[in-house]
Amino acid sequence: DNEFLNRVDIKLLEPSPGDNGWDIFSLTYKVESPLSTLFSAKLMNGYLKIFNFLWRIKRIEHSLNLLWKQHMKGASLMDRMKGFKVHIHKCNLLRNEMNHFLGNLFNYLMVEVIEGAWTTFMEEVQQAKDLDEMIGYHEKFVTSILEKGLLTPKNEKLYKQMIKLFDLIFRFKCT
């Protein structure tokens with residue numbers, strides 16, 4: 001429906017040195033009254049954090065898949081190079097482990113965190129007696145995803161370590 005598509009917008013975040021389009025790209029959804037009562041600026045910021053984290057995981061997964069394609073295109077050439085096949089095999093094993101980690105993390109976020117929070121949210125919304133309760137349940141829903149998704153200040157140390165790990169994985173692709 002065009003009404004909903006027209007509300008989707010691209011947001012470019014503040015770039016840092018070395019950033020590219022993947023790093024600063026984000027999607028937003030313009031919410032107008034009366035829905036802005038349920039989707040406050042604070043909650044929309046929470047959704048943005050969730051989107052950006054999932055987007056980062058998918059970006060790295062995509063880069064590893066491109067690396068695999070490159071390896072497959074050059075596989076016959078590498079087979080002919082003495083001693084090189086062992087190194088490529090090790091690289092492929094490492095790439096596979098990284099892809100496995102990212103896939104598990106993404107599935108955890110989608111199934112355990114988001115889907116689990118959604119199920120709880122839908123059950124609670126059915127019991128809401130007024131708008132204030134519905135707003136409270138919505139805030140609880142987003143907060144639950146942020147907490148279990150390791151996107152809160154309480155989990156900042158672990159989040160920063162994961163970002164460093166993501167950067168290492170991405171650098172693996174580029175080297």
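Colleague: Which residues form a nonpolar patch on the surface?

Modeller: This is a predicted model, in which local features need pLDDT of at least 70 and side-chain atom pairs count only at pLDDT 80 or more, while totals for chains, interfaces and linings use all residues. Residues are numbered from 1 along each chain as its sequence is written, and side-chain values use heavy atoms, with hydrogens and water left out. A patch of this kind joins nonpolar side chains (Val, Leu, Ile, Met, Phe, Trp, Tyr) within 5 Å, from residues with over 30% relative accessible area and no salt bridge, a salt bridge being a Lys or Arg side-chain nitrogen within 4 Å of an Asp or Glu carboxyl oxygen. With about 550 Å² of accessible area together (Shrake-Rupley method, 1.4 Å probe, only the protein chains shown counting as cover), the members are F4, V8, I10, L12, L27 and Y29.

Colleague: Is I10 buried or exposed?

Modeller: I10 lies in strand β1, strands being DSSP runs of E with at least two residues and helices runs of H or I with at least four, numbered from the N terminus. Buried means under 20% relative accessible area, exposed over 50% and partly exposed in between, with a 1.4 Å probe and protein chains only. Because its relative accessible area is 52%, I10 is exposed.

Colleague: Where is P34 found?

Modeller: The peptide bond leading from S33 to P34 is cis, with omega near 10°. Most peptide bonds are trans. P34 is found in the loop between β2 (25–29) and α3 (41–73).

Notes: Patch = residues over 30% accessible without salt bridge, like charges linked within 9 Å, V, L, I, M, F, W, Y side chains within 5 Å.
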